[in-house]
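Hi,

Here is the structure I said I'd pass on.

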Amino acid sequence: MIAMARKSHPAQIAFDFTIPEVASDPVQACRDAGIFNALGNYDPLHGTVQDLSVPYTPRSFSFPVRLYRDERSAQWMLDLSTPAMESIPLVRRIAKVTGIEPQWRSGPARYGQWHHAVDLATDKGIARLLSTQEHTIPKYTLRAIGFGLHTGELSTKEARRALGIMGIPEPFDRSAKMLAGDGLRVCRTVLVPVIDGDDPGVGAWGNIHAIEDGWITKPRPGKHGRMTEEGWRRRGETPPAPFKRAA
């Protein structure tokens, strides 16, 4: 029996199924196409590409991809900063010009997911963070909320709203057990506490309660909270003398 040639469907005519060959010098190919440095800056040392068409923050978007040669295989790679960056216009242009299909790889690339969360964990950015969870993971979002509280960039009001939307229940004891135990650690030189439970959701609530209930002073942008006398008393500790540098 002779196999008949299969007729293509009319709808397929609109698609280009050809896979372009990988350029011999992908970086130069991008320069020749006007991508570097008209649309983006390229760091040859780290392979990172900066998208000049978007704001610097969050860094996940401003550095959406890495273009580099793998040391082991000598193959050119195009690594996405987050799994959802593949459709970004700059990334698609680079893929078309270089012939390299962008990929998401865990490992060092996961920092793009962390940068997305921590850069947007502010009063102005938290709504955008919650609406772009495809670029990060819940663990990073919760840790970033705790970090934003710690640095004073995120208010307890906005943090409470975010945790409510994420469905993270508030501890009934207002984190008192955690804050009196190992969940709160104090840098003995500057008396700045670090509140971070094993569960990032617990750590986020711990930061809220520490501020609201007077365990620490209220953090402000550029000035971290410090342990209060009441906080030391609740922990049954005597505050250490502030660290002084030798003259």
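Predicted model: local features only at pLDDT ≥ 70, side-chain atom pairs only at ≥ 80, totals over all residues.

Residues are numbered from 1 along each chain as its sequence is written, and side-chain values use heavy atoms, with hydrogens and water left out.

The protein has 10 helices and six strands (DSSP runs numbered from the N terminus: H or I of at least four residues for helices, E of at least two for strands). Of its 247 residues, 41% are buried, meaning under 20% relative accessible area with a 1.4 Å probe, protein chains only. Take the contacts (heavy atoms within 4.5 Å) between residues at least 6 apart in sequence: 54% of them join residues at least 24 apart.

Now the cores. A nonpolar core here is a set of buried Ala, Val, Leu, Ile, Met, Phe, Trp, Tyr and Cys residues joined through side-chain atoms within 4.5 Å. The largest one has 30 residues, and Ile 126, Ile 145, Leu 149 and Leu 163 have the most contacts inside it. Elements giving it two or more residues include H6 (138–151), H7 (156–166), H9 (200–212) and strand S5 (184–186). Another core, of 19 residues, lies apart from it, with Cys 30, Tyr 42, Phe 61 and Ile 100 among its members.

On to the helix pairs, with axes fitted to C-alpha atoms over the stretch in contact and angles from 0 to 180 degrees between N-to-C directions. The H6 and H7 axes come within 10 Å and cross at roughly 165 degrees, so the two helices are roughly antiparallel (an angle over 145 degrees). Pro 138, Thr 141, Leu 142, Ile 145 and Leu 149 of H6 meet Thr 156, Ala 159, Ala 162, Leu 163 and Met 166 of H7.

What about H7 and H9: at what angle do their axes cross? Roughly 150 degrees, again coming within 10 Å, which makes H7 roughly antiparallel to H9. From H7 the contact uses Thr 156, Ala 159, Arg 160 and Leu 163, and from H9 it uses Ala 204, Trp 205, Ile 208, His 209, Ile 211 and Glu 212.

Cheers

Definitions and conventions
Buried < 20%, exposed > 50% of the residue type's maximum accessible area, 1.4 Å probe, protein only. Parallel < 35°, antiparallel > 145°, perpendicular 65-115°, else oblique.
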